[in-house]
Amino acid sequence: MLTVKQSQKNFIKLLILFIAIITPWVIGYFYVKNIKDSQKADKVKLVNYKKDTIPKVNHSKFEILQQKFETPQQVTEACLSCHNRTGHDVMKSSHWNWTKDYRTDSGDTIQLGKKNIINNFCIGISSNEPRCTSCHIGYGWKDHSFDFTDSRNIDCIVCHDRTGTYKKFPTGAGYPVKEVKKFGNKTFYPPDYNKIAQNVGTPARQNCGTCHFVGGGGNNVKHGDIANEMNQVTKEVDVHMGLDGANMECVDCHKTERHNITGNLYSIASADTNRVSCERCHTGQPHKNTIINQHTKKVACQTCHIPEYAKVSATKMYWNWSTAGKFNDDGSVLIKKDSAGNMIYHSLKGSFVWKNNVKPEYMWFNGKAKHYVLGDKVDTTKPVQLNTLLGNYHDKNSKIVPVKVHSGRQIYDPVNNTMILPHLFGKDSTSYWKNFDWNKAAETGMKSVNQPYSGKYAFAPTEMYWPINHMVAPMGKSLQCTDCHSRNSRLAKLTDFYLPGRDYSSFLDWLGFGLMFFAFVGVVIHAVLRILK
Amino acid sequence: MKKRTYIYRGFERFWHWSQALLIFFLALTGFEIHGTFSVFGFENVVRWHDIAAWAFLVLIVFAIFWHFVTGEWKQYIPTTKFIKAQISYYITGIFKGAPHPTHKTIYNKFNPLQRIIYLGLKLLVIPVQVLTGFIYMFYIYPNNPVNVSGLSVIALIHTFGAFTLLAFVIAHVYLTTTGDTPLSSIKAMLTGWEVVDVDEKEERTKHLQHAVDESAAGYYRIDKEGNIIDVNEAWLKMFKCKDRSKVIGKHYSFTRDKKNLKELDDLVKRVLNGEVITGLPATRQCMDGSKGKHLLSANPVIEEGEITGMEGFILDISETEELTEHMYYAVRNSGAGYYRLNEEGIITDVNEAWLELYKYDNKEEVIGKHYTITRRPTEVGQLEDTFKKVMNGETLSGKLAIRRCKDGSVGKHILSADPIFIGNKIVGMEGFILDISEIDIDKEE
């Protein structure tokens, strides 16, 4: 028997208990909801970003640029007559020297770069200069005799031409043509030096792209994440360079001081210096979500924000030199193309595999790389790593980065166990592309770099690793948690750490689910027995 | 003896069910993080798992506090006693309808298996889960802030803990059905009330203690030297004393004027020699110097075979002074009868003296009966009145009543009655009766 007062009291008690149980859940619900809403209204955080839009000077007014230029060197002289310290700056740059400092395993610092490195595309430049150096910012690097101290040979206008008319000839050792000349089905015209010189400016994407979009001898062959389509790109493909997006030029990120352009490509670079970073503008903590910000300690921005590369044109994934040298029955050059128009066989070069919309491979990388140096011994039972990205989970400077892996099959010396730099280009009697004799090409090529050649050659599998930095996807198109945190993880190959969602002990799972199963079965049997008895 | 008892208090139930919900929720989100299934989205479950972890931590802090403040932690002290019996009960006994080998009481809520399992959860599994969970939460890649080389070991321990908890939940939920009825244990955890064993002697002591504390009868106890050791509120009230400490430790002599003291000295002597005194009228001297009259009972306190003091009750009769003389004789011949009723008016306990007064042979004859059997139909109304008043919280004393005995004869007594509380709830009425019928009946004749 309860008094009215007491039943009221009991009711209030129950009410308080109920509120105490419900409140944390309500708070939790709105907290979660609130986080979600605030993330929807996310905006890209930017610092340090400023765009120069108005040129500082109008070069058409300078008298020295009114003179009639006969040779490209005259243009350079005119440039340097005002920019009289710039030649010195340019000649210190890797764009000029094609080398950078490299510390070997023995601790020596040597100059390493295109000059003396090999890749698994057209392999090496030595003895092939006139073809390769059409992408050098100089005139006349046709062999070892090229004078790297003569500033008159600097090609200023390949980078600074804003008319879009200046072209170097593909086999001209860096020179443009003097008279109209054909290369394949493309026609090259002598440049109008006066017009070009009066219209110089900050390099645009077309200037950089003239070499960097077509490295390896064709569009998007090498990089995979930069190609000719960058000139007309949408933000869906590249959120930074998209004409409908931020519409940024290369040099907006690749900041330059005294012609030292920031940015490393680890197919040739090796040091963790002079790099371009996303954090410079976006900071190290760009997300609203703390847990995602914490990821930046071990995951590079590119990993999540570049879900795939080669989004427009295909990029070359595999180059097999060993199949080169086959011709049509009439003896003419054999060329095969796939349905998309990508060349999959060429008599001079062998066979290729191309891919579109490629999901990158992922690797630990601390900003340092090792390279195969001519003369190093190789083990060809597994792919030879021509460049090696250094890093691992336990290294605190390492982050997971997206990488294009380019595989190859290329010539090596099975007796000396060294990679061979073959002489490919030239009209002489030993170049492979004229004579199709690997033996002669190897001999000449190796001689040009003072390396021994045994007289025997074979083909070895090789790999190159190209960190992917461009074609950043727009907001909302980046990777989601479960792209990595799942049993079907993109990071399946990175096995040196425990990744929640991906990793588990199958023994423990069996044990655990078994425990639950037996508890359940035991309970059911026990209950049935109780009911029956 | 079984009795519906309030065994799980409000916080305990809140804690239990919140913990149950949190474990369920943490398992659900945790196994999505583990990659077992994909339903709510990884980003969501990670956030929810973190929030639930913090909520759990807060709950644990409160629960630890509660266990220590209430002393309930003692319920988890492990014992090996009866553990074999408990196991064999679950393996065989339960199928034969054997009784539980241990008795659930408010002081012993858990059987020996429960004690060990719950203690294991509290000291091992949950702390391990909390610890590994927080390392998991705050460990962000090498050396920061704790140096464990990777999450691997932490994550595997955490996963194993989760499996252990889930297996426990399965067994635990099932074992709740092994109570008196399949749902009685769950109902108990929802409402707090469960029918559990009560220790009869302990119950009795508790009720008598309560009766003594709360009744209108004054209680006192003195030691061999005559110093007062204990008195109850009613005693203090009768002696018009507000401060118990002014009484405790003093010699009884201050309770009488000189004239009446000798009588008391004699009485004390007799009782300390083993005699039992009932119903002796006495004149007390109150603290303010005024006088009052009461009836007194006294019996020796025996501890380990030796008389160590004297105790008894006093019932105030100042207001019914005209009866004093009669009462003297009446009460002299009777002990104080004790009775207890539940909230429906059913008799739940009486003492020997009560049985004698009502001429019953044993308790079983009256326990479980309604109090109306104790009155003639014409006098029931009066008792109903008393019962109602007490159930509304009043305490009554010195009420005259005419009882109906077992054989239909009647007797007269004075009665005290007070409510029995559990928490704030009145659950019954109890009190004493003192017989005064001899004189009255004589007079009527």
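# Reading salt bridges, an interface and a surface patch

Guide: Over all chains, the rule gives a count of 26 salt bridges. This is a predicted model, in which local features need pLDDT of at least 70 and side-chain atom pairs count only at pLDDT 80 or more, while totals for chains, interfaces and linings use all residues. Residues are numbered from 1 along each chain as its sequence is written, chains are lettered from A and ligands numbered from 1 in the order in which they are written, and side-chain values use heavy atoms, with hydrogens and water left out.

Visitor: What is a salt bridge here?

Guide: A side-chain nitrogen of Lys or Arg within 4 Å of a carboxyl oxygen of Asp or Glu. One case is D379(A) with K382(A), where the closest N and O atoms are 3.7 Å apart.

Visitor: Is K382(A) buried or exposed?

Guide: Buried means under 20% relative accessible area, exposed over 50%, and partly exposed in between (1.4 Å probe, protein chains only). K382(A) has 52% relative accessibility, so K382(A) counts as exposed. D379(A), at 41%, is partly exposed. In another pair, D503(A) and R502(A), the closest N and O atoms are 2.9 Å apart, and both residues are buried.

Visitor: Which parts of chain B does the pair E12(B) and K109(B) link?

Guide: The side chains of E12(B) and K109(B) meet in a salt bridge of 2.7 Å, N to O. E12(B) lies in helix α1 (residues 10-34) of chain B and K109(B) in the loop between α3 (83-91) and α4 (112-138), 97 residues apart. Helices are DSSP runs (H or I, at least four residues), numbered from the N terminus. Shared partners join R9(B), E12(B), E72(B) and K109(B) into one network of salt bridges.

Visitor: How is the size of an interface given?

Guide: Often as the accessible area lost when the parts come together. Here buried area is that loss (1.4 Å probe), summed over both parts. Between chain A and chain B about 4500 Å² is buried, and carbon and sulfur atoms give 70% of this. Helix α16(A) gives the most to the side of chain A that touches chain B, with 14 residues.

Visitor: Which residues form the nonpolar patch on the surface?

Guide: Patches are made of residues with over 30% relative accessible area and no salt bridge; nonpolar side chains (Val, Leu, Ile, Met, Phe, Trp, Tyr) are joined within 5 Å, like charges within 9 Å. Accessible areas come from the Shrake-Rupley method with a 1.4 Å probe; for residues, only the protein chains shown count as cover. The patch consists of F11(A), I12(A), L15(A), I16(A), F18(A), I19(A), I22(A), V26(A), Y29(A) and F30(A), with about 1000 Å² of accessible area together. F30(A) is in helix α1 (residues 4-40) of chain A.

Note on methods: Helix = DSSP H or I, 4+ residues; strand = E, 2+ residues; numbered from the N terminus. Buried area = accessible area lost by both parts, 1.4 Å probe.
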